[in-house]
Amino acid sequence: MRGFRELLTETFTLKGATVVEVGCGDGSLARALARQGARVIGVEVSEEQLHGARKLPPVSNEEYRIGQADHLPVEDGGADVVLYFNSLHHVPQGSMGAALLEAARVLRPGGVLAVTEPLGEEGSLFHVLSPLEDETEVRAAALEALTKPPPSLVPEREIFYTARRAYPDVEAFLIAATAPDPERRRKLPEVESELRALFQRHGRQEKGASVFSMPLRLNTLKRVKGP
């Protein structure tokens, strides 16, 4: 299976590019792109969300900033690529359109917005996570927003692929599942036993790890001149 990083490498020339990752989490993707020669600006909503990214030393030319999807801390035309890696559906539904407009603002003409989003209710990982957070509605809203981009973002490519998530044990899964969202951490005690049971039921054993599938769609949109 191809992953998002492989698709990015196939799609973009990353060396020398300025990449803004919205919803960068622990910075793992930002670091991987920086190793390939990109200047990466990772954006998260709070210092708490950036804790994991900031605690590791930079590997190259990456940095992290506080900001919202509809108010990015990046100058006009300051980016070659804006990335949403499984994060657009975490933007409040009423702000998704504004987030796409903001991505257009920070992209130079000819720059590209790349958004990957999980597909509906598909994949074993969705079923395991559903007691913690049912994302059916927000995933659908994110995909709908991508069908109505601002005029300055012209759709280019749509690629369907399946990612895999491997966890050495259920404890690692619980940490990863709750890290992106304080609300998930607050809810965990209520649903932990159910999550553990679903993890055992749906995980496919492979080389000492439990593996889960996540069908995804990657959309790329090019920034053209105009508002």
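Is Q49 buried or exposed? I looked this up first. Q49 counts as buried because its relative accessibility is 12% (buried is under 20% relative accessible area, exposed over 50%, partly exposed in between, with a 1.4 Å probe and protein chains only).

Ground rules for these entries. The model is predicted, so I take local features at pLDDT of at least 70 and side-chain atom pairs at pLDDT 80 or more, while totals for chains, interfaces and linings use all residues. Residues are numbered from 1 along each chain as its sequence is written, and side-chain values use heavy atoms, with hydrogens and water left out.

Entry: Q49. I placed Q49 in helix α3, residues 47-54 (helices are DSSP runs of H or I of at least four residues, strands are E runs of at least two, both numbered from the N terminus). I then listed its contacts, leaving out residues up to four places away in sequence: Q49 touches G25, E44, A179, P180, D181, P182 and R185 (contact means heavy atoms within 4.5 Å). A179 is 130 residues from Q49 along the chain, yet their C-alpha atoms are separated by 8.1 Å.

Entry: α8. I checked the span of helix α8, residues 182-202. A straight helix of 21 residues would span 30 Å at 1.5 Å a residue, but α8 spans only 25 Å between its end C-alpha atoms (the expected span is 1.5 Å times one less than the number of residues). Where does α8 bend? I found a bend of about 75 degrees at V191 (the angle between axes fitted to the seven residues ending there and the seven starting there). V191 is also one of the buried residues of α8, with R184, L188, L195, L198 and F199. These buried residues pack against α5 (124-129), β6 (153-167), α7 (170-178) and β8 (209-223).

E190 is exposed, with a relative accessible area of 63%. Its C-alpha atom is separated by 8.8 Å from that of L132, 58 residues apart along the chain.

Entry: α1 and α2. The axes of α1 (residues 4-11) and α2 (residues 28-35) come within 11 Å and cross at roughly 35 degrees (axes are lines fitted to C-alpha atoms, for helices over the stretch in contact, and angles run from 0 to 180 degrees between N-to-C directions). From α1 I noted F4, R5 and L8, which meet S28, L29, A32 and L33 of α2. These contact residues divide into five nonpolar, one polar and one charged (Ala, Val, Leu, Ile, Met, Phe, Trp, Tyr, Cys and Pro count as nonpolar, Asp, Glu, Lys and Arg as charged, and the others, Gly among them, as polar).

Entry: positive phi. Most residues other than glycine have a negative phi. I noted N86, with phi near 55 degrees, in the loop between β4 (79-85) and α4 (96-106). N86 is buried at 15% relative accessible area. Leaving aside neighbours within four places in sequence, N86 is in contact with T116, E117, P118, R165, M214 and L216.

K207 also has a positive phi, near 55 degrees. I located K207 in the loop between β7 (204-206) and β8. K207 counts as exposed, at 85% relative accessibility.
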